[in-house]
Amino acid sequence: MIGLYSWRKLLSFALISVLVFAALFWIFDTLKDSFLKVVRDNQRQLVTVLAESAPRDKELAEDWITAVNKEFNEADIIYVHGVPGWDELQVFTPNEQLRTFYESNYSSEDFEKALESVYYLENYYSSLEYSFEGKSVSLVLAPLIDETRYDMTGFLVFLMSAEAGENYTNLLNIFMIGAFAIFAIIYFISKFFRDPIMGYVIMGLFLMVGIFVAYPLFEAVRLTFLEDGKFSMQTWITILSSKQYLNALWGSVKLGILTASFSTIIGFIFAFVINRTATRGKKFLSTMGLLPVISPPFSLSLSLILLFGSNGLITKQILGLKDFTIYGLGGLTAVQTIGMFPIAFLTLSGVLQAIDSTLEEASLDLNGSRWRTFSKVTFPLAIPGVLSSWLLVFTNSLADFANPLLLAGSYKVLSVEAYIEVTGRNRLGHGAALSILLLMPTLTAFLVQRFWVSRKSYVTVTGKPSSRLSDLVSKPVKFGLITFIVLFIVFILGLYGTIVAGCFVANWGIDYSFTLKNITEALQRGRDAIVDTFTLSAVATPFAGLIAMMAALVIVRKKFAGKKVLEGLILAPFAIPGTLIGISYVLAFNKPPLILVGTGAIIVINYIIRELPVGVEGGVATLRQIDPAIEEAAQDLGADSTTVFRTIVLPLIRPAFISGMSYTFVRSMTAVSAIIFLISAQWYHMTVLIYNFSESIRFGLASVLSTVLIIIVFGAFGLMRLLVPKNEYMEKNVTLN
Amino acid sequence: MSKTSVSVRIENVTKVFKDVKGKADVIAVNNANFDIEPGELVTLLGPSGCGKTTTLRMIGGFELPTKGKIFLGNEDITFLPPNKRDTATVFQSYGLFPHMNVFDNVAYGLKLRKLPSKQIKDKVMSTLDLVGLKDLAQRAPSKLSGGQQQRVALARSLIVEPSVLLLDEPLSNLDALLREQMRVEIKRIQKTLGITTIYVTHDRVEAMSLSDRIIVMKNGIIRQIGSPNLIYEDPNSKFVAGFVGKVAFLPVEVLEIGETCKVKFEEKTVEVRKFSPEMSPGDSAVIMARPESLKLVDPSKGMIEGEVATNIYLGGSLESFVTTDHGEILVQIDNPAEKKVFAEGEKVSIAIIPHLAKVLPDKDE
């Protein structure tokens with residue numbers, strides 16, 4: 001026990017904590033008492049009114065009780081006819097269990113007192129607690145006074161439910177303990193931390209991930225093990241024995257494998273041509289190759305439908321095909337490959353850049369043929385990168401929700417199936433279980449990529465890049481590859497062009513006449529959604545940016561217990577499919593103590609939590625390159641932690657900060673998978689509206705909104721490029737959702 | 001920039017670094033105690049990993065001691081964060097703010113203290129003048145040479161008028177010539193301001209030339225504290241003797257201890273005036289012989305027979321490397337013009353100048 005933790009300080013901490021706890025307890029106890037008093041008064045009034053209004057004619061008793069119970073269910077009522085001690089008592093109740101309850105308690109001491117009180121025409125409120133049908137109830141007896149006001153025809157027995165009061169007191173208890181915990185932690189930090197501000201930041205981060213990551217996920221997992229409020233494996237048994245759900249799982253995995261394979265091949269061709277051949281216009285090719293990364297959800301699917309759908313321009317108008325369908329595995333693989341190959345491209349580009357081309361030159365020098373050099377030197381060196389990119393795309397494909405929603409047709413994938421369970425069939429438990437099922441392959445792939453593949457990397461960064469290119473391919477092969485790339489890019493541009501064209505066409509597939517009606521209608525009907533989406537994203541952006549940078553600072557520079565846990569929980573939403581996050585938010589924040597569903601806040605929080613990982617990783621990567629002595633020097637000169645953060649850290653990690661923010665903004669604007677569960681009439685989302693328009697075959701309107709979204713996204717990225725010219729880190733992490 | 005100087009006291013300070021991955025804890029500093037007088041320049045000297053930087057960082061507030069206390073004057077500063085203690089550190093890597101120019105770097109501490117901008121400007125310019133960088137105020141740190149960056153770091157620390165200046169291997173990133181210049185510069189500024197200074201280095205020449213006192217550390221333990229000449233001439237162990245200068249150790253056996261120490265060296269008895277007190281007769285020991293405490297005499301007239309391997313002429317002195325049964329021994333001959341010089345290949349004998357040598361226990365290298 002030295003210094004920071006002297007006995008005296010600990011003692012005073014304990015003393016003050018006890019005092020505060022006592023004060024809080026007193027306050028909340030008073031609150032509870034006054035609430036219970038109100039409840040009791042209400043009950044008494046109710047009892048009096050009911051006793052007045054009850055029919056004196058015993059023949060009407062049961063009908064009356066049934067009628068009353070329709071209005072109030074906080075009380076079970078027994079009607080007894082006759083004066084106790086004088087008449088034979090007749091018991092009336094529609095519920096046989098109530099009669100049993102009455103008869104088994106009739107001769108008790110409490111009842112005797114009650115009957116006596118009733119006999120003197122006074123209400124009796126029992127101080128004992130009874131239990132009926134497993135719930136605790138309070139007993140009230142009220143006489144039925146006749147017209148003379150001196151005599152009685154019988155009495156009523158009420159079993160008042162204590163549940164409302166209990167719920168309320170439980171809630172108060174939670175608040176009291178919460179308030180005390182927050183006080184104790186803050187007080188502890190201010191008293192025992194050398195740097196309280198950092199302590200508060202760390203505590204804030206823990207609270208944030210605890211409430212908005214761990215708690216909802218816990219709720220989702222918990223729900224899958226509940227049936228009627230009790231532990232049960234029923235949900236999982238149903239899910240795992242149902243062919244339909246297993247089909248969906250297999251469907252997701254199959255799609256993931258196909259997409260990952262195609263994306264990796266195409267990504268490799270792009271990366272190879274750009275990093276290993278002398279070609280003009282590389283910059284243009286690589287920009288075009290990255291274009292799909294930032295295309296909003298639904299847009300590629302939409303244009304695929306416009307071109308190849310049942311009323312598609314190419315399939316119907318040009319080729320006149322009848323049996324072709326874009327819906328299903330084929331179309332999904334196509335659209336996901338186009339959308340996700342840039343991930344592979346970026347990953348493999350990095351890998352190829354890092355492979356020292358002197359190795360290839362050495363092979364060529366030793367008279368190895370080009371093919372031999374490629375297959376024995378270049379490719380083996382790139383294998384960890386290839387695996388890594390395959391797994392990354394696989395993860396993304398599985399988590400993808402927007403494309404399957406529009407394009408799956410009768411093909412089943414898990415993310416959409418979970419959505420249908422929740423919104424269509426109102427089976428939250430099944431939805432949660434399905435999205436947890438989806439997490440398994442995703443998480444496995446993610447962890448394998450993170451901790452296994454990335455460690456097996458053969459690539460060493462020497463710090464002296466050789467700018468020379470070894471000529472690894474012959475002219476015809478090179479020509480073939482470049483032709484492929486150009487055609488692919490033309491196709492992508494064609495897809496975008498289709499969306500823009502869709503804005504100006506009266507009725508795609510039927511009537512191709514030029515019109516501006518779509519634009520006016522879409523902007524009119526979508527105005528609120530556009531404003532909502534923009535506002536919420538704009539609100540989330542600065543928070544996400546700042547929190548990400550603070551979290552990065554804490555992770556890189558501070559040592560504290562539980563750091564790994566904190567880091568894990570902050571980064572977790574990166575690997576968790578949006579569907580699971582959406583469902584778990586609905587579960588966790590639709591009940592006390594935190595009712596957020598329906599508010600804009602939950603959407604903003606969701607944006608922040610989901611986009612934090614990329615910002616944090618960017619911040620961490622940047623901070624790791626900054627000499628800690630710089631921050632120490634500032635602190636040494638008298639700056640406290642906030643000042644160091646504001647004047648030194650933030651300016652130094654500005655690139656990560658800005659790209660983290662623009663990333664959050666763009667991803668928030670284009671979010672679908674989690675948001676679709678959280679929107680409300682008050683707070684709508686553009687992407688969901690695009691989906692609705694597409695579902696109701698208003699492709700023109702959908703095209704207009706997609707175009708607006710594309711413009712906003714490109715605008716945000718353009719702005720970022722202006723502020724931070726070079727930003728590889730972020731691009732590497734942009735993925736679809 | 002005058003301020004009353006302040007003393008520093010380290011009391012039973014221990015620092016243990018907990019190693020996370022199940023490895024053993026590292027004791028970086030083991031029960032260190034020392035006092036630094038106001039205005040004194042003290043060097044923490046030792047090989048890398050000896051705990052000298054950790055000690056400095058604890059004084060600066062960047063590490064917390066596991067045990068013990070640190071005082072600035074009479075104030076216990078052990079647990080104060082760096083921004084609350086009146087110390088200023090010049091970091092080995094300088095830690096200049098890359099997004100600010102020289103002026104703003106130096107002004108940073110003053111701006112935090114909310115001084116009027118006129119006053120800030122005057123002070124910054126006069127401090128830059130002190131370190132000779134007046135003309136470079138608008139430069140970015142990345143556009144400065146190593147020596148200039150070093151001066152900016154120094155100016156940035158000095159301007160806040162700390163009670164104690166902490167320098168962490170400030171010259172290690174400079175080339176030899178610049179190092180010598182900066183050494184003189186630092187000493188001049190320190191004496192001008194009279195600021196209590198703690199200087200960390202592994203370079204004995206730096207330590208010798210700068211310090212009022214030197215604290216020699218090894219493996220987290222303080223081995224000796226004393227003025228440069230005490231440490232050099234009267235080291236308390238083989239380690240200190242070897243670390244602060246060139247030395248030859250001749251194995252001997254202690255015969256008698258009294259006013260002087262009589263030892264047996266290869267059947268010869270030698271009487272040496274200085275010796276470590278903890279030895280007793282019969283112990284094996286060494287004679288610490290610095291190059292200047294030896295002289296060359298004709299064969300068989302001295303203690304150790306040998307042959308001159310190389311002579312290096314340095315102007316004011318001559319260094320003779322003599323091959324003997326005890327390895328190669330360096331003998332320094334001052335004013336060689338006035339003395340007899342043995343040519344390379346000649347047989348010689350090495351004699352000890354008894355009042356310059358010292359007998360040390362033969363343990364711990």
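Analyst: Buried area is the accessible area (1.4 Å probe) that two parts lose on being put together, summed over both. Chain B and chain A bury about 2200 Å² between them, and 61% of this area lies on carbon and sulfur atoms. This is a predicted model: local features need pLDDT of at least 70, side-chain atom pairs count only at pLDDT 80 or more, and totals for chains, interfaces and linings use all residues. Residues are numbered from 1 along each chain as its sequence is written, chains are lettered from A and ligands numbered from 1 in the order in which they are written, and side-chain values use heavy atoms, with hydrogens and water left out.

User: How many residues does each chain bring to the contact?

Analyst: Contact means heavy atoms within 4.5 Å. Chain B brings 31 residues and chain A brings 21 residues. B:Phe79, B:Asn83 and B:Tyr108 supply 27% of the area that chain B buries against chain A, more than any other three residues.

User: Is A:Glu421, which forms a salt bridge with A:Arg427, buried or exposed?

Analyst: Buried means under 20% relative accessible area, exposed over 50%, and partly exposed in between (1.4 Å probe, protein chains only). A:Glu421 is buried because its relative accessible area is 0%, whereas A:Arg427, at 35%, counts as partly exposed. The closest N and O atoms of this pair are 2.9 Å apart.

User: Which residues of the largest nonpolar core have the most contacts inside it?

Analyst: A nonpolar core is a set of buried Ala, Val, Leu, Ile, Met, Phe, Trp, Tyr and Cys residues joined through side-chain atoms within 4.5 Å. The largest one has 225 residues, and among those with the most contacts inside it are A:Tyr585, A:Val616 and B:Phe97. Helix H19 (residues 517-557) of chain A gives the most to this core, with 15 residues. Leaving aside neighbours within four places in sequence, A:Val616 is in contact with residues including A:Ala548, A:Ile555 and A:Leu571.

User: In what order do the four strands of the open sheet in chain B stand?

Analyst: Strands of a sheet pair through backbone hydrogen bonds, either parallel or antiparallel. Two strands count as paired if DSSP finds at least two bridges between them. In chain B the order is S2-S1-S4-S5, with antiparallel pairing. Strand S2 (26-36) and strand S5 (75-76) of chain B stand at the edges, each with a single partner strand, so one side of each is left without a neighbour in the sheet. Seven bridges join strand S1 (residues 8-17) of chain B to S2(B); B:Val8 has B:Ile36 as its bridge partner in S2(B).

Terms used. A salt bridge is a side-chain nitrogen of Lys or Arg within 4 Å of a carboxyl oxygen of Asp or Glu. Helices (H or I, at least four residues) and strands (E, at least two) are DSSP runs, numbered from the N terminus.
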